[in-house]
Amino acid sequence: MGDNGKPTVGIFGFTGCAGCQLNILNIEDHLLELLELVDITTWRMAKSENSKGPWDIAFVEGSIAKQEEVVRIKAIRENSRILVAIGACATHGGLPAMRNFRDIDEMKRIVYGEKNDHVDVIPIKRVADYIHVDYELPGCPMDKDEFIRTVKALAVGKTPDIPNYSVCYECKIRENACLLKENKFCMGPVTSAGCGAICPTYGAPCEGCRGPVAQVNWGAEYKILKEMGATDDDIKRRFLKYCPVVADTPEFKELNF
Amino acid sequence: MSSTYIMKRSDLLKLVQAAMDEYDIYGPVQRRTTWVFDKIDDPSRIDMDYDNTMMSLKKFFIPSKEVMMRFNLREMSIDDSLPDVKAERPQLLVGVHACDIHALLFLDRVFGGKYVDPYYVARRENTTIIGLNCIDPCKHGFCKSVNTHIVNEGYDLYLTPITGDKYYVHVGSPKGDRLLTIAGKLLREATDEGHEAFKASMKHKHESLPVGLHLDNINETFDMAWDDPIWARLGEECMNCGSCALVCPTCYCYDVADELDLSLSNADRTRKWSTCLYHDFALVAGPHNFREDPPARLKYRFYHKIRGALHDHGIIACTGCGRCIEHCPAGISVKDVVYELQKRRVGVPVVKGG
Amino acid sequence: MQITLTRENEYLPDLAKLMKKTKLTEMESLFEFEFLDNNVRKYFTYNPGQFVQVSIFGVGEAPFSVSSTPTRPGNLELGIRQTGNVTDAIHNLNVGDVVGIRGPYGNGFSMDKLCGKNLLFIAGGIGMVPLRSVINYIMDKRDDYGKVTIFYGACLPDERVFVDELENVWPNAPDVEMHQTVDECHETWQGNVGVVTCLFDVCKVASENTVAIICGPPVMYKFVVQDLMKLGFKGDDILLSLERKMQCGVGKCAHCQIGHKLTCIDGPVFTFSEVQRLQEAI
């Protein structure tokens, strides 16, 4: 707790686009009310003076892409009572982890030239691969309302309620016609809800940015997309785009492609 | 004194227009590849030739999310939402198919009984229904197979399309009488000619609606089928996305949660739809999950809708509306499943098709 | 005769104040509540085995079996394990804090039908929470019931609930036989070691004119019932109090459905004959 009795909060960025942190700034309407609940003592994006901890709650954005980041995330963990990973990069590797599927030495050469030994690059992982994460707010970007709900819950000592059922729930409630029925490669059935099915609502198929639903049945989705004419590559791209870490899960390996 | 009338089909729009002062009006409107019951400000948007809506009428009686009560944590007081629900403007639902009226009659049993759900009942009492008799089959429905193609109650007016672009109108309740008053000269008493036209429409209906399966011995079938390999097979296809239950007109499961406001001094107690397909549906502290395996949850849904509903309410909780078939991303068909089980289990003649 | 106050909205809780809080184990405490409203206090009664829904405003609502007995009017006693949002909040309550309570719900035990019977209680862990209500009801009307045998099993000695009654009250009551066991050996423990069914070897139970009443963790029921059947118990003479997820408590939300029955309306007390006909019940 801070001097004023409010929980102290640190917000940290790792490898990613910083869009989730920006989304916290975008809360605008409720940001002041939020600051009544917690004391943000560290947030380099928004503050010039920042505490070095400890924090009651740490929100961590971005994937872990460098050795230096491994050290830093461990230090944040040690200084935080509760640690929440925010956004697809932090929870599932996100878009940056696409590089895991390429030859890293060749990429280093292309970007940094022949003399690239000093470049600190490791295979990209999500935050939970290095430290214990208490809660994950997935999505690209993380959902603002979910963030607010989580802060409220943590401020009163409750476990935040983060959906683990499929996007179809929110899509059906909004009475959207099913995009799979329109032959669009939608990831809704195997993706966790919480986004309000925003993409399908505007006619764009779900890209799976919130990661797999509880007890995901990849095989069934694979079969549906395959019958619609998707190639294995199409499907792999869909499954791994925002969530490269699922490539290591047994359910995914079972697909054998 | 007759309670049957004749109305020109085009005059329905005039009736809706005239009713607008008194009701919030909802009717079938096309949206992309499906239809929805939408709020009607312009009666010409109503599409009475609609195949089926994606969401049934349940959204008007158990909204997907509703605040049941509000708590003031400082004063420790409770503010019930029921008076607000009761004060809502009356709603008029136009063009409701027979299967959906049957679904409401089923929900009436669930939300009535020993304990009455006052929010449901308040909305039900506040609603007037203009039913629409389907005389031609829809794409995925199988109402005649489950005996929901005919209704004798549950509507206030019931429209049967007859020759000459007219409706044969039956009045089912005092709320229907109120609509008659609003309709005024748009309706005139049916004559023998009207009765004959109605009979012809019904003859057409009986000939055109297929019967795809039957429900003889359905209890015994389900009692025998608990270990049937069909459940494992369906489990491979089902993603437990819950679409079937969400679009189902008789699925009513819900979750309750409290949500604090940002001042942390007020909270809403909200209920929202849930489905038995979801992982935490039967999860208790411990943690112990009474249905941990996804296929067990799919099977449970079938058992609750058929076996459980028969036990509790004497009727199955499937109206044959076909929504779950139309909206299942994996293409699982309740009709085909029941057909297959009936065929293998009780071995009596079953009809395929429809 | 149970008088219930008719109410328009069954979902609205009544306000109740925490009067006393007693630690039972590391994880469980006994909470005693009193309704604020005089009328509710006067008319609220229940059967042993029924449950109530407790609300912590802003956190949520959850069902809890009643541990007190209607034969001792006064505070409503609930034995509660700390295991989630609502129970965390209940454990954090201070005496004098106000919660919401509605109920009682479920069938509970038909105490009239049990009159004249010998009773065998088999409880595991916090399965004793609802059974304590029945046992104390019988203690208060001792002449109406036959011999009482109590089997109680817990994982560890420290995890036993209502230890004072287990050790000092019930064993000293007339015609009561009390046996306890723990799953794991413990330095300070002199008694039986093993799962609760090991007590069948310690104490010979006669099935004649006897009703067995069981409550415990989900895994326990099947094994206990098997042993009872071997001893000649009939399905109708085995009563099980079952746990399920509940949201409404009044048969609407469908979370507690077992096969074609609702735990909150048809249960939580079922005969084994009923349970036998329900898939996935135990």
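The legends below describe close-up views of a predicted model. Residues are numbered from 1 along each chain as its sequence is written, and chains are lettered from A and ligands numbered from 1 in the order in which they are written. In this predicted model, local features need pLDDT of at least 70 and side-chain atom pairs count only at pLDDT 80 or more, whereas totals for chains, interfaces and linings use all residues; side-chain values use heavy atoms, with hydrogens and water left out.

**View 1. An open antiparallel sheet in chain B.** Four strands of chain B form an open sheet with antiparallel pairing, in the order E5-E4-E12-E11. Strands (E, at least two residues) and helices (H or I, at least four residues) are DSSP runs numbered from the N terminus, and two strands pair if DSSP finds at least two bridges between them. Strand E5 (77–80) and strand E11 (254–260) of chain B each have a single partner strand and stand at the edges, so one side of each is left without a neighbour in the sheet. Neighbouring strands of this sheet are turned by 25° against each other on average, direction ignored. Seven bridges join E11(B) to strand E12 (residues 266–273) of chain B in the antiparallel sense; within E12(B), Ala267(B) stands opposite Leu260(B). Helix H5 (residues 118–125) of chain B lies across strand E4 (65–72), E5 and E12 of chain B and runs at about 125° to E4(B). Axes are lines fitted to C-alpha atoms, for helices over the stretch in contact, and angles run from 0 to 180 degrees between N-to-C directions.

**View 2. The buried face of helix H1 in chain B.** In helix H1 (residues 11–19) of chain B, the residues Asp11(B), Leu12(B), Leu15(B), Val16(B) and Ala19(B) are buried. The buried residues of H1(B) fall within an arc of 150° when seen down its axis, so they line one face of the helix. The arc is that of the directions from the helix axis to the C-beta atoms. Buried means under 20% relative accessible area, exposed over 50%, and partly exposed in between (1.4 Å probe, protein chains only).

**View 3. The surroundings of Val190(A).** Val190(A) is placed in the loop between helix H7 (167–173) and helix H8 (198–201) of chain A. Its relative accessible area is 1%, so Val190(A) is buried. Leaving aside residues up to four places away in sequence, Val190(A) touches Gly211(A), Pro212(A), Val213(A), Val216(A), Asn217(A), Trp218(A), Glu221(A) and Met239(B); contact means heavy atoms within 4.5 Å. Asn164(A) is 26 residues from Val190(A) in sequence, and the two are 10 Å apart in space, C-alpha to C-alpha.

**View 4. The domain boundary in chain A.** Chain A is assigned domain 1 (8–155) and domain 2 (167–253), with bounds that come from an automatic or database domain assignment. The centres of the two domains of chain A, taken over C-alpha atoms, are separated by 25 Å. Contacts join 15 residues of domain 1 of chain A to twelve residues of domain 2 of chain A. About 1,100 Å² is buried between these domains of chain A, and carbon and sulfur atoms give 65% of this area. Of the area that domain 1 of chain A buries against domain 2 of chain A, His92(A), Leu95(A) and Phe101(A) supply 43%, more than any other three residues. Buried area is the accessible area (1.4 Å probe) that two parts lose on being put together, summed over both.

**View 5. The domain boundary in chain B.** Chain B is assigned domain 1 (4–208) and domain 2 (218–345), whose centres, taken over C-alpha atoms, lie 26 Å apart. In chain B, 38 residues of domain 1 are in contact with 38 residues of domain 2. The two domains of chain B bury about 3,500 Å² between them, with 61% of it on carbon and sulfur atoms.

**View 6. Enclosed parallel strands in chain C.** Six of the six residues of strand E11 (residues 210–215) of chain C are buried, so the strand is largely enclosed by the rest of the structure. Thr210(C), Ala212(C) and Ile214(C) are buried on one side of E11(C), and Val211(C), Ile213(C) and Cys215(C) on the other. E11(C) pairs in the parallel sense with strand E7 (residues 118–124) of chain C over six bridges, and with strand E12 (residues 238–241) of chain C over three bridges. Cys215(C) stands opposite Ala123(C), while Leu240(C) in E12(C) stands opposite Ile214(C). Both faces of E12(C) are also covered, by buried Ile238(C) and Leu240(C) on one side and buried Leu239(C) and Ser241(C) on the other.

**View 7. The interface between chains C and B.** Contacts join 35 residues of chain C to 44 residues of chain B. The two chains bury about 3,600 Å² between them, 58% of it on carbon and sulfur atoms. Phe57(C), Lys252(C) and His260(C) supply 19% of the area that chain C buries against chain B, more than any other three residues.
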